Amino acid sequence: MGIVTPGFVGKRRDADPRLPPGQYETKDFPVLSVGPTPNIHAGEWQFSITTEHGETRRWSWEEFRALPVEDVHTDIHCVTRWSKFGTLWRGVSLDTLFEGLQTDAGYVMEHAYGGYTTNVPLAELRGGKAWLVFEYDGEPLDPEHGGPVRLLVPHLYFWKSAKWVTGLTLHTTEELGFWEVNGYHAHGDPWKEQRYYYDS
Amino acid sequence: MAGVKWVVAEVVGIRDETATARTLLLRIPRWTGHLAGQHIDVRLTAADGYQAARSYSLSSAGDDEFAAISVERMPDGEVSPYLVDGVVVGTQLEVLGPLGGWFVWRPTQAEPIRMIGGGSGIAPLVSILRTHLHSGSDAPVQLLYSVRSPEFVYFKDELAELTAAARADVSIRYTRSAPEGWSGPVGRLSAADVQAWAARTPASSLPASSYICGPTRFVELMADALVAGGTDPLTVRTERFGGA
C-alpha cells in the first residue's frame, strides 16, 4: 500500500471480486487504438495461420463463417485501467482453427491490418481461452472495436485481443510485437498487473 | 526506464484552466524528463488502503523541471474530483511514469507536425509545442484546437505565446460560441475543414506526422477526414478517451 492521500475516500467500486488490481469498472466501451480506424469490408477480409515450418492455412470470410460458432460471455480488462463486465461476443474458437495443425512453436505473433502486431504465448490461445469474434452484443462488430473480426483473449489485457486481425504466425522463440516494443508487457496478465514491460 | 516504480510526487503549483479543470505541477523524485506526448499514472490511497489510479497526459515540455498534468472534473468521477477540488500545494500523490512509446514526438523528428486536439485532448499537444520550442526544432508545426467556447480553452495565454515563439500555426475552432468580435466560422469541424487545414502544411520532402487527441467520436471523425484527404494512416497517431 502506498502513502495515504489526505481526504481521499474513493467510490469503492473495486470491492467487486471480478475487478483485477488497479482497475475500475466502466459501463461504456472505450476505444483504444493508436491510429485511424480502418474500413475493411467483410468480403475482402482473410485470415491465415502460418506455422514455424511455413505451412499456411487460410480462410476467406465465407469459409470462416461456415465454421462452428460459440457465444462468449466474459469480462474484459484494458491496460488503461478500465474493466467491463459481462460483455457478449460471438465467434469461432481458436481451437477450431488450430485443429490438427502440426507445430512445436511456443509463441504467436498476432498480425493486424496496418502492420500492427502483438505477441502472446501459444498456450494462451488454446484450450477454450481465445476466439476470433465477429459480433458484439448481438450486432456485427463495429470497425472502431476491431470489426469485421478481432481476436478475443479476455483473460489477458485487451491489447492482446488484436483488432482488425489478419493472421497469426507461430514461432519457436518469443519476439516482441508493436505494443510490446512500445512499452507494454510481453504476457499481460491483468491479475498479476503485468501492464508495462518492466512489471514482473 | 527499467525498474520504474510508483514514487511519491509533491504538488508544487496549481493553476485553474477552466471552471472544471486545472493544471497540477508535480515535483517527482529522480525525474529525468519525458517524451512529449507521454502520460503518467496517478494513484490515490484512502486511509484504509483502498486505491484508485488513472492515467493523465503530460502537458509539460520534455525537459521541464516539473511534470504538468491537466485534470478535468468528470461527472461521477472517482479520482478527478479529488485532483480538481481536494489537492493543495504540498499534497503528495503517487505517480508512475513516464509511460507510452507511440503517441510521442521526439525533437529528432524533422518532418512537419500536424496536431488536432478536442477539448482536454489539447494537453499532450501542448507538451509537443513546448518541447518543439525548447529544442529549437525547425519542423513546421500546426495545431487545430476544437473547443466548445472561450471559457473552455486550456492554456489560453501560453497558446498565444507559443504561437509566436515557436512560429506555430495555431487555429482555434469554437464549436458552440466564439468570443466577441470573432470573425472565423463557429461549429463542429467538417471533413472539408480538416482537409483544407491539412493542405496548409508546408511542402517537405518528408511526410507530415499527425497527432490527434480527444474524445473517441472526435478522434474518429478527424482521423477519417485526414485519411480521406490522402494522409497515409500509418502517419497518424491517435489518443482517444471516453466511451464509443
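**Before you click**

This is a predicted model: local features need pLDDT of at least 70 and side-chain atom pairs count only at pLDDT 80 or more, while totals for chains, interfaces and linings use all residues. Residues are numbered from 1 along each chain as its sequence is written, chains are lettered from A and ligands numbered from 1 in the order in which they are written, and side-chain values use heavy atoms, with hydrogens and water left out.

**Stop 1: chain A**

Select chain A and switch to cartoon. Trace the chain along the sequence and the order reads β-β-β-α-β-β-α-β-β-β-β-β-β-α. Its radius of gyration is 17 Å, close to the 16 Å that the globule rule gives for 200 residues, so chain A is as compact as a globular protein of that length (the radius is taken over C-alpha atoms, and the rule is 2.2 Å times the number of residues to the power 0.38). Along the principal axes, the C-alpha trace of chain A spans about 60 × 35 × 30 Å.

Now colour chain A by accessibility. Of its 200 residues, 55% are buried (buried means under 20% relative accessible area, exposed over 50%, partly exposed in between, with a 1.4 Å probe and protein chains only). Among the chain A contacts with a separation of 6 or more, 65% come from residues 24 or more positions apart (contact means heavy atoms within 4.5 Å).

For the charges, chain A carries 18 positive and 28 negative side chains, and the centres of the two sets lie 7 Å apart (Lys and Arg count as positive, Asp and Glu as negative, with His and the chain ends not counted; each charge is placed at NZ of Lys, CZ of Arg, CG of Asp or CD of Glu).

**Stop 2: chain B**

Chain B has five helices and eleven strands. With 244 residues, a compact globule would have a radius of gyration near 18 Å, and the 18 Å of chain B agrees. The C-alpha trace of chain B spans about 55 × 40 × 35 Å along its principal axes. Buried residues account for 55% of its 244 residues, and 71% of the chain B contacts with a separation of 6 or more involve residues 24 or more positions apart. In chain B, the mean positions of the 21 positive and 26 negative charges are 3 Å apart.

**Stop 3: salt bridges**

Bring both chains back and show side chains. How many salt bridges are there over all chains? The count is 20 (a salt bridge is a side-chain nitrogen of Lys or Arg within 4 Å of a carboxyl oxygen of Asp or Glu).

Start with A:Arg18, which pairs with A:Asp16, the closest N and O atoms being 2.8 Å apart. A:Arg18 is partly exposed, at 40% relative accessibility.

Next, select A:Arg81 and A:Glu193, whose side chains form a salt bridge at 3.8 Å, N to O. A:Arg81 sits in the loop between β4 (70–77) and β5 (82–93) of chain A, and A:Glu193 in the segment after α3 (178–181), 112 residues apart. Is A:Arg81 buried or exposed? A:Arg81 is buried, with a relative accessible area of 2%, whereas A:Glu193 is partly exposed at 26%.

Over in chain B, pick B:Glu78 and B:Arg54, another salt bridge at 3.3 Å, N to O. B:Glu78 lies in the loop between β5 (67–72) and α1 (80–86) of chain B and B:Arg54 in strand β4 (residues 51–57), so the pair ties together parts 24 residues apart in sequence. B:Glu78 is buried at 7% relative accessibility, and B:Arg54 is buried at 12%.

Finally, select A:Arg81, A:Glu193, A:Arg195 and B:Asp41 together: salt bridges that share partners join them into one network.

**Stop 4: A:Gly35**

Zoom to A:Gly35, in the loop between β1 (24–25) and β2 (46–50) of chain A. A:Gly35 is buried, at 3% relative accessibility. What does A:Gly35 contact, leaving aside its neighbours within four places in sequence? A:Gly35 is in contact with A:Tyr116, B:Val236, B:Thr238 and B:Arg240.

**Stop 5: A:Arg58**

A:Arg58 counts as exposed, at 56% relative accessibility. Beyond neighbours within four places in sequence, A:Arg58 is in contact with A:Gln46, A:Phe47, A:Ser48 and A:Glu63.

Terms used
Helices (H or I, at least four residues) and strands (E, at least two) are DSSP runs, numbered from the N terminus.
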